[in-house]
Amino acid sequence: MWRHTAERYRDNPIVVGYDLMVEPNSNEVGSDFIHDRLDIWDPEEFYAKYGGTLYDWNQFYPRIVAAIREVDPETPILVGAMAYSAVEWLPYLEPTDDPRTVYTVHQYAPFLYTHQWWDDLRFTYPGRFDTNWDGEPEDFNRAWLEDLLSTVDEFVASRGVPVAVNEFGVMRWVPGAAEFMDDQMDLFEERGLNYALWAWEPSWPPWAQEVDAFNFRFGPNPHNHVEVDSDLLDVILEHWSSNTVRP
């Protein structure tokens, strides 16, 4: 399938890369989410039991890369790790020898903070709460984010490959969202990471009108569904303004 796709789109000027699979997640769903669910969230436990099996993305994606390179040696390939491309699982991704592959993470951690619904806002940034479901509270602040991203630093240094953050974001109404995004985007910039803010905004109007929790243009009021000024928007635009090269 990917060989066919690459052969068709390899010369299309608007195709900047092939993202092989969005958020590989067999560690959760297994072979059948209803009847054969794994639900393993510790990478060491997962790879001890299932490394090298058909659950393991590492045994599958290199074959896709090889198939693409049979017909397209140039277009970059994007590969994320297991557990929905979580940062913590990046070290378990085994790079290929393809020189034009970029390894990716999706950064929504901590999920308890970034995905709070507007009628149950319990966590703030900075703050203190159990960020990783281990039963113990942690300080959640810039230092927490730096510690998380040190995993990316170590992967880049040890493997000698590029990493990008091709999804990140926060629900627009969570307490401290602007400060959280400011620190996070600043840390991305410090590392020279390419990053893509995910707005969860498809082109199908019925969905976009109903699901706009991540649409930063609508401000912190959950009942507002038109563009307004906000601290979160200001932070995002400030960081984007440092871009000097434009399409």
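In which loop is Glu-88 found? Please describe this residue and the pocket around it, and then the sheet.

A: Glu-88 is found in the loop between helix H5 (82–85) and strand E3 (101–107). Helices (H or I, at least four residues) and strands (E, at least two) are DSSP runs, numbered from the N terminus. The model is predicted, and local features need pLDDT of at least 70, side-chain atom pairs count only at pLDDT 80 or more, and totals for chains, interfaces and linings use all residues. Residues are numbered from 1 along each chain as its sequence is written, and side-chain values use heavy atoms, with hydrogens and water left out.

Glu-88 counts as partly exposed because its relative accessibility is 41%; buried means under 20% relative accessible area, exposed over 50%, and partly exposed in between (1.4 Å probe, protein chains only). Not counting residues up to four places away in sequence, Glu-88 touches Pro-43 and Leu-148, where contact means heavy atoms within 4.5 Å. Glu-88 and Leu-148 are 60 residues apart in sequence, yet their C-alpha atoms are 7.7 Å apart in space.

Glu-88 also belongs to the lining of the largest pocket. Of the 24 residues that line this pocket, Ala-86, Glu-88, Ala-109, Phe-111 and Trp-133 lie nearest its centre. On a 1 Å grid over the protein atoms alone, a pocket is an open set of points with protein on both sides within 12 Å along at least five of seven lines, and lining residues have an atom within 4 Å of a point. The volume of the largest pocket is about 850 Å³; grid points are joined across faces, edges and corners, and a volume is the space filled by probe spheres set on the points. H5, E3 and helix H7 (142–159) each supply at least two residues of the lining, and the largest share, four residues, comes from H7. By class, the lining has 15 nonpolar, five polar and four charged residues. Here Ala, Val, Leu, Ile, Met, Phe, Trp, Tyr, Cys and Pro count as nonpolar, Asp, Glu, Lys and Arg as charged, and the others, Gly among them, as polar.

Strand E3, which supplies part of that lining, also belongs to a sheet. Five strands form this open sheet in the order E1-E2-E3-E6-E7, with parallel pairing. Strand E1 (18–19) and strand E7 (194–195) stand at the edges with a single partner strand each, so one side of each has no neighbour in the sheet. Strands of a sheet pair through backbone hydrogen bonds, either parallel or antiparallel. Two strands pair if DSSP finds at least two bridges between them. E2 and E3 pair in the parallel sense over four bridges, while two bridges join E1 to strand E2 (residues 77–80), also in parallel. Leu-78 of E2 stands opposite Asp-19 and opposite Val-102 in E3.

Within E2, Ile-77 and Val-79 point one way and Leu-78 and Gly-80 the other way, and all are buried. Helix H4 (residues 61–69) has the buried residues Tyr-61, Ile-64, Val-65, Ala-67, Ile-68 and Arg-69. The cover over these buried residues includes helix H1 (2–9), E1, E2 and E3.

Methods
On a 1 Å grid over the protein atoms alone, a cavity is a set of points where a 1.4 Å probe fits but cannot get out, and a pocket is an open set with protein on both sides within 12 Å along at least five of seven lines; lining residues have an atom within 4 Å of a point.
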